[in-house]
Amino acid sequence: ELDGRKAAAVLALKALPQGVEDVLGEDWVNICNSSIQEQMAENTDVAYFSEDQGGFTTVDENTSFYLDEDGSVVVVFPKYSIAPGAYGEQTFRIDA
């Protein structure tokens with residue numbers, strides 16, 4: 001689970017004051033999707049849901065995120081949303 005500082009900073013992707021496009025560029029959806037799919041494929045410790053099971057398909061303006069200490073976007077998926085609850089909340093750092 002998120003600590004207090006991160007929990008207070010979790011926003012919807014479109015809620016960045018300068019806009020998510022200013023951080024990741026106008027292709028932010030594809031940048032996020034590609035990075036998340038790659039990270040999911042590399043992480044064999046988590047049994048992610050398939051698309052047919054309601055797992056990850058794409059980010060959108062309602063997807064939660066925060067900016068880490070380096071200013072990188074970290075996409076946050078709540079517990080149970082893309083993997084069984086035992087795996088907890090899933091986060092993906094997006095390096096632009």
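Which residues have the most contacts inside the largest nonpolar core? They are Ile36, Val59, Val75, Phe77, Phe92 and Ile94, and the views below show where several of them sit. The model is predicted, so local features need pLDDT of at least 70, side-chain atom pairs count only at pLDDT 80 or more, and totals for chains, interfaces and linings use all residues. Residues are numbered from 1 along each chain as its sequence is written, and side-chain values use heavy atoms, with hydrogens and water left out.

**View 1. The whole chain, to get your bearings.** The protein chain has three helices and four strands, in the order α-β-α-α-β-β-β along the sequence. Helices (H or I, at least four residues) and strands (E, at least two) are DSSP runs, numbered from the N terminus. Of the 96 residues, 34% count as buried; buried means under 20% relative accessible area, exposed over 50%, and partly exposed in between (1.4 Å probe, protein chains only). The accessible surface comes to about 5700 Å², with 44% of it belonging to carbon and sulfur atoms; such areas come from the Shrake-Rupley method with a 1.4 Å probe, and for residues only the protein chains shown count as cover. Among contacts with a separation of 6 or more, 54% are between residues 24 or more positions apart. Contact here means heavy atoms within 4.5 Å.

**View 2. Inside the largest nonpolar core.** This core has 17 residues. The term stands for a set of buried Ala, Val, Leu, Ile, Met, Phe, Trp, Tyr and Cys residues joined through side-chain atoms within 4.5 Å. Helix α3 (28-42) and strands β3 (73-77) and β4 (90-94) each supply at least two of its residues, and α3 gives the largest share, four residues. Look for Ile36: leaving out residues up to four places away in sequence, Ile36 touches Phe56, Val59, Val75, Phe77, Phe92 and Ile94. In soluble globular proteins, nonpolar side chains tend to be buried together.

View 3. Five of the five residues of β3 are buried. Val73, Val75 and Phe77 point one way, while Val74 and Val76 point the other way. In a regular strand, side chains alternate between the two faces of the sheet. β3 pairs with β2 in the antiparallel sense over four bridges, and five bridges join β3 to β4, again antiparallel; two strands pair if DSSP finds at least two bridges between them. Val75 is a handy landmark, as the bridge partner of Phe65 and also of Phe92 in β4. Five residues lie between β2 and β3 in their hairpin, and Gly71 in the turn has a positive phi of about 85°.

View 4. A search of the whole structure finds three aromatic pairs. Rings of Phe, Tyr and Trp (its six-membered ring) pair if their centres lie within 6.5 Å; planes under 30 degrees apart count as stacked, over 60 as edge-to-face and the rest as tilted. Phe56 and Phe77 have ring centres 5.6 Å apart and planes at 75°, so this pair is edge-to-face. The two are 21 residues apart, with Phe56 in the loop between α3 and β2 (64-67) and Phe77 in β3. Phe77 and Phe92 are also edge-to-face, with centres 5.9 Å apart and planes at 75°. Phe92 lies in β4, so the second pair ties together parts that are 15 residues apart in sequence. Phe56 and Phe77 are buried, and so is Phe92. Ring pairs link Tyr48, Phe56, Phe77 and Phe92 into a cluster.

View 5. Ser72 sits in the loop between β2 and β3 and counts as buried because its relative accessibility is 12%. Beyond residues up to four places away, Ser72 touches Tyr66, Leu67, Arg93, Ile94 and Asp95. Its side chain joins that of Arg93 in a polar contact of 2.9 Å; a polar contact is a pair of N or O atoms within 3.5 Å, where within protein one must be able to donate a hydrogen and the other to accept it, and residues adjacent in sequence count only if both atoms are side-chain atoms. Ser72 and Leu24 are 48 residues apart in sequence and 9.0 Å apart in space, C-alpha to C-alpha.

**View 6. Tyr80 in its loop.** Tyr80 is in the loop between β3 and β4 and is exposed, with a relative accessible area of 57%. Its phi is positive, about 80°, although Tyr80 is not a glycine. Apart from neighbours within four places in sequence, Tyr80 is in contact with Phe49 and Gly85.
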